Each structure stands twice: as structure tokens, then as C-alpha cells.
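These are my notes from going through one model.

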Amino acid sequence: MKPYSVEIFRPDFTMVGNTNVNEISYKEDYLSSDVNTVTVLALPGVAKQDFIRISRDNEEYAGVVTEIGYGTDKSKRLQTIS
């Protein structure tokens with residue numbers, strides 16, 4: 001299975017970093033904004049209000065970073081980006 005590419009940009013479109021993930025779960029509701037999260041290897045420098053772009057083949061998701069969490073139950077090297 002082909003991984004998703006995750007890219008983070010500053011509001012001035014300067015690239016902060018990029019990584020790959022195997023799977024994502026995405027919710028969309030046209031009446032209200034949903035909060036989605038992706039867990040990646042820690043990317044230093046990610047901040048709130050940065051832009052995030054997740055893509056693979058024909059799929060593309062984009063948004064604004066609203067929350068960042070470091071470490072998960074599985075590993076302290078992982079980062080959760082909402």
C-alpha cells in the first residue's frame with residue numbers, strides 16, 4: 001500500500017517539514033468543521049496556525065494546525081497533529 005505524504009508549511013508557505021504515514025482517518029461535514037488528527041514521527045518546529053497537506057495519488061486533504069501533542073501510548077517519538 002502506498003503511504004500518504006504529510007507536509008507542514010508556515011503561513012508564509014515556508015516548508016517546516018514532511019513525512020509519510022501509512023493510514024489516516026478523515027471526517028468531513030459540510031455544516032460544521034470537524035477536527036481530524038494524524039500521528040506522525042515528531043517534526044520539530046510545527047506550530048499552531050501552520051498549514052498541513054496530506055496527499056496520495058488522487059486524494060488530497062489540507063487544513064490548519066490547531067493542536068499539537070507530543071508522545072503517544074505507543075512511543076514518545078510520535079507527534080499528534082490536529
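**Hairpin and sheet**

I started at the hairpin that S4 and S5 form, with two residues between the strands; in its turn, Asp57 has a positive phi of about 45°. The model is predicted, so I kept to the limits set for it: local features need pLDDT of at least 70, side-chain atom pairs count only at pLDDT 80 or more, and totals for chains, interfaces and linings use all residues. Residues are numbered from 1 along each chain as its sequence is written, and side-chain values use heavy atoms, with hydrogens and water left out.

I took strands as DSSP runs of E with at least two residues, numbered from the N terminus (helices would be H or I runs of at least four). Two strands count as paired if DSSP finds at least two bridges between them.

Next I looked up the sheet. It is open, has four strands in the order S2-S1-S4-S5, and its pairing is antiparallel. S2 and S5 stand at the edges with a single partner strand each, so one side of each has no neighbour in the sheet. On average, neighbouring strands of this sheet are turned by 15° against each other, direction ignored. The axes behind such angles are lines fitted to C-alpha atoms (for helices over the stretch in contact), and angles run from 0 to 180 degrees between N-to-C directions.

I noted the bridges pair by pair. S1 and S4 run antiparallel and are joined by five bridges. Phe9 has Phe51 in S4 as its bridge partner, and Val6 has Ile54 in S4. S4 and S5 pair in the antiparallel sense over six bridges; for Arg53 the partner in S5 is Ala62.

**Positive phi**

I then checked residues other than glycine for positive phi. Phe13 has a phi near 70°. Phe13 sits in the loop between strand S1 (4-9) and strand S2 (15-21). At 61% relative accessibility Phe13 is exposed; I used under 20% relative accessible area for buried, over 50% for exposed and partly exposed in between, with a 1.4 Å probe and protein chains only.

Asp57 is in the loop between strand S4 (51-56) and strand S5 (59-64), and its relative accessible area of 59% makes Asp57 exposed.

**Salt bridges**

For a salt bridge I required a side-chain nitrogen of Lys or Arg within 4 Å of a carboxyl oxygen of Asp or Glu. The count by this rule is five.

Which side chain does Asp57 meet in a salt bridge? I found Lys2, at 2.8 Å from N to O. Because Asp57 lies in the loop between S4 and S5 and Lys2 in the segment before S1, the pair ties together parts that are 55 residues apart in sequence. Lys2 is partly exposed, with a relative accessible area of 48%.

Arg53 meets Glu60 in a salt bridge of 3.1 Å, N to O. Arg53 is partly exposed at 29%. Glu7, Arg53 and Glu60 are linked in a network of salt bridges.

The last pair I wrote down is Arg56 with Glu59, whose side chains form a salt bridge of 3.3 Å, N to O. Is Arg56 buried or exposed? Arg56 is buried, with a relative accessible area of 13%, while Glu59 is partly exposed at 27%.
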